[in-house]
Amino acid sequence: MFERFTKDARAVVMGAVEHAEQVGAGAVDAEHLLLALLDREAGRASFALAALGLAERGDAVREALGEARRRAGLSQADAEALTGLGIDVSEIVSRVEGVHGVGAMSGDRKGKGWRSGRRSFGRGAREILEKALRIAVARRDRHIGDEHLLLALTVRPGVAGEVLADHGVTYESVVRVLYGGGEAKAG
């Protein structure tokens with residue numbers, strides 16, 4: 001599949017690996033792909049993010065992703081659902097961090113390194129890569145570009161998609177910017 005990736009898409013994947021390494025994460029995940037997309041200043045995804053006003057709100061997106069990591073990767077919707085069951089996630093995070101330090105629930109493995117030197121991709125990142133392929137095929141594109149990765153992030157449930165939607169970046173808005181019109185949502 002990676003042979004079909006454009007130079008920009010490969011750069012995003014490599015940037016995601018770097019983000020995962022920086023925080024000592026056990027695997028590359030969807031959030032790392034989003035952070036790598038935010039870092040890029042070239043490519044179709046960067047153009048779309050800038051057109052949708054996300055370029056100047058990148059710090060807010062990074063902060064939202066950091067907060068989700070502190071909640072052990074729970075999306076805001078997950079936290080709200082637990083609140084409905086009487087479980088206060090922010091209280092749990094506060095107590096755990098009070099005993100074990102800030103970021104204790106993040107799952108980061110600082111200083112532990114990667115097993116066997118290979119960067120593993122978590123389920124979320126693998127699903128994004130697969131979805132990007134399906135989106136490219138559905139559009140009859142011969143390549144998988146960074147724009148396909150962005151589109152895949154917008155349709156996969158989870159923290160990255162939720163953060164993008166909270167900042168006005170949806171599948172429909174990205175399609176409108178990139179392709180100039182409405183289109184059926186990718187399934």
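1. Basis. The model is predicted, so local features need pLDDT of at least 70 and side-chain atom pairs count only at pLDDT 80 or more, while totals for chains, interfaces and linings use all residues. Residues are numbered from 1 along each chain as its sequence is written, and side-chain values use heavy atoms, with hydrogens and water left out.

2. The cavity. Searching the whole structure gives one cavity of 30 Å³ or more. A cavity here is a set of points, on a 1 Å grid over the protein atoms alone, where a 1.4 Å probe fits but cannot get out. The largest cavity holds about 40 Å³ of space, a volume being the space filled by probe spheres set on the points.

3. Its lining. Lining residues have an atom within 4 Å of a point. For the largest cavity they are A30, E31, I128, L153, R156, P157, G158, V159, A160 and G161. Six are nonpolar, two polar and two charged; Gly counts as polar, Ala, Val, Leu, Ile and Pro are among the nonpolar types, and Glu and Arg are among the charged ones. Helices α2 (30–39) and α9 (159–166) each supply at least two lining residues, and α9 gives the most, with three. Helices are DSSP runs (H or I, at least four residues), numbered from the N terminus.

4. Length of α4. Helix α4 has 13 residues (58–70) and should span 18 Å at 1.5 Å a residue, which agrees with the 18 Å between its end C-alpha atoms. The expected span is 1.5 Å times one less than the number of residues.

5. Sides of α4. G58, V61, L65, G66 and A68 are buried in α4. They cover an arc of only 160° around the axis, which puts them on the same side of α4. The arc is that of the directions from the helix axis to the C-beta atoms. Buried means under 20% relative accessible area, exposed over 50%, and partly exposed in between (1.4 Å probe, protein chains only). The exposed residues D59 and E63 sit on the face turned away from the buried side. The buried residues of α4 pack against α2 and α9, with contact meaning heavy atoms within 4.5 Å.

6. E18, in helix α1 (residues 7–23), counts as partly exposed at 44% relative accessibility. Its C-alpha atom is 8.5 Å from that of A36, 18 residues apart along the chain. E127, in helix α7 (residues 123–138), is partly exposed at 29%. The C-alpha atoms of E127 and R156 are separated by 8.0 Å, with the two residues 29 apart along the chain.

Notes:
1 Å grid on protein atoms, 1.4 Å probe; cavity = no way out; pocket = protein on both sides within 12 Å on 5 of 7 lines; lining within 4 Å.
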